[in-house]
Amino acid sequence: MLVQHLELICFCPFFLCLQAWCMPCSFWTWPCTCSSWNGKCKHELLVEACRLYSKFSARPSSLEAIPAVIEKAVRTSIYGRPGACYIDIPGDFVNLEVNKSSVKYVECCPEPPISMAEEAAVSKAASFIAHSRKPLLIIGKGAAYSRAENSIRKLVDQCGLPFLPTPMGKGVVPDNHPHCVAAARSRALQHADVIILLGARLNWILHFGLPPRFRPDVKIIQVDICAEELGNNVKPVAALLGDIKAVTEQLLDQLNKKHWTYPSDTYWWKDLRAKIQSNEQTSKALSLQQNLPMNYYKVFHHIREHLPKDCLLISEGANTMDIGRTMLPNYHPRHRLDAGTFGTMGVGLGFAVAAAMVTKDHNPEQRVVCIEGDSAFGFSGMEVETMCRYNLPVILIIVNNNGIYSGLDAETWNEMLKLGEPSTCVPPVSLLPNAHYEKIMSAFGGKGYFVQTPEELQAALKKSLAEKHVPSLINDFHWLTRSNL
């Protein structure tokens with residue numbers, strides 16, 4: 001029965017953390033015949049190609065071997081750092097029969113083993129933390145993968161540490177926690193003298209840990225389950241290899257022995273709070289502007305007012321994703337997906353489909369909200385057909401500004417066309433103005449809304465949240481110039 005349903009099943013590894021049953025694996029069936037391609041069958045090349053991007057890639061040699069291959073894929077995907085696996089099922093297997101007694105059944109793999117850091121390394125890290133003047137805790141998606149939210153919340157509360165979540169680490173400790181310094185992100189990164197990395201990479205999202213975004217003499221304490229990740233870009237003063245949850249508890253034990261708590265009245269806290277207040281006031285002023293078209297902050301302000309706190313939030317784009325990270329809070333772990341480590345565009349709607357399939361069976365009342373820039377939507381917009389086909393009540397919101405970062409209004413577009421061919425005179429970051437993306441959703445039976453004012457946006461959001469059977473697309477058109485960004 002398993003093979004009969006293996007057309008193409010893809011799950012993002014992030015959703016492994018949402019539901020234990022959800023395998024972060026892909027299965028692909030191929031027809032029994034294939035033409036030669038440089039001496040190899042196409043599916044053989046695909047298995048090899050997927051090996052570059054997944055933890056495990058294989059093609060069962062027989063029906064009897066399928067259970068063992070599946071078990072290995074699941075085990076590989078959840079052991080160590082979670083990751084995707086690929087299994088290629090030949091299409092001719094679908095109609096084959098096999099003697100039940102010859103099938104190689106295997107037991108489901110046990111839960112992943114929990115590894116702990118060396119005590120000497122933990123003690124060294126605790127000493128650096130206790131002697132820091134400007135500590136900062138950075139919470140990465142590895143902390144969400146390891147389900148370390150309770151331990152990290154305890155570390156933050158007991159030790160009084162300021163913390164900064166990475167985009168997919170948001171919600172491990174709620175964004176509205178008083179120790180969250182996301183609103184003073186640049187100030188926190190630039191001046192912290194000791195940084196504790198909990199499952200976060202020093203990649204482009206964190207400016208590679210290098211000056212001028214970081215202090216030249218910053219001391220990095222790195223906690224990661226992947227040994228190869230330790231020391232990338234910046235050499236840590238303490239490298240703690242192990243499960244984030246387990247190592248966090250080890251750090252707590254060491255800091256409790258020292259009876260250490262970071263004081264709440266230090267200059268560092270006063271500086272961070274002043275910057276937070278200043279930035280929040282600026283954001284609030286932008287979100288309350290009355291002029292039209294709406295700016296990003298006003299759009300996100302009205303979206304935030306209506307979103308359920310437990311919704312699964314998916315976002316991608318340029319300004320849409322970047323500003324959305326600051327304006328749309330997360331209150332629960334593993335409730336946000338965006339472009340992630342590789343800054344990939346076109347993944348948002350696929351994430352939304354996977355999330356909606358999970359919630360449909362396990363939490364039907366939970367809403368999946370996908371907020372896209374218009375360019376990001378263009379990469380995979382036809383996935384709205386998939387949402388309609390499977391009756392997935394995803395709420396899609398497109399923040400439409402006619403291009404990447406900013407496009408052209410219709411009048412300027414028409415004036416530029418007088419200069420010659422669009423391919424030679426129109427900026428490559430511009431898209432067709434006033435595109436009605438909502439009609440794509442309507443074409444497949446979903447609900448489409450074109451909005452330009454706060455009142456229209458609020459009304460469309462209320463209708464979309466009330467809809468429980470078909471997807472909705474809100475095309476929020478707000479062409480922007482640099483001046484009203």
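Which side chains does a polar contact of 3.1 Å join? Those of Q366 and H335. By polar contact I mean N or O atoms within 3.5 Å; within protein, one must be able to donate a hydrogen and the other to accept it, and residues adjacent in sequence count only if both atoms are side-chain atoms.

A word on the source. This is a predicted model, where local features need pLDDT of at least 70 and side-chain atom pairs count only at pLDDT 80 or more, while totals for chains, interfaces and linings use all residues. Residues are numbered from 1 along each chain as its sequence is written, and side-chain values use heavy atoms, with hydrogens and water left out.

Back to Q366. It sits in the loop between α11 (348-362) and β12 (368-373). Helices are DSSP runs of H or I, at least four residues; strands are runs of E, at least two; both are numbered from the N terminus. The Q366 side chain also reaches the backbone oxygen of D310, at 2.7 Å. Q366 counts as buried because its relative accessibility is 12%. The cut-offs: buried is under 20% relative accessible area, exposed over 50%, partly exposed in between, with a 1.4 Å probe and protein chains only.

Now cysteines. The structure holds zero disulfides, a disulfide being two cysteine sulfur atoms within 2.5 Å. Take C108. Its sulfur is 4.6 Å from the closest cysteine sulfur, in C109, so that is too far for a bond. C108 counts as exposed, at 69% relative accessibility. C425 counts as buried, at 16%.
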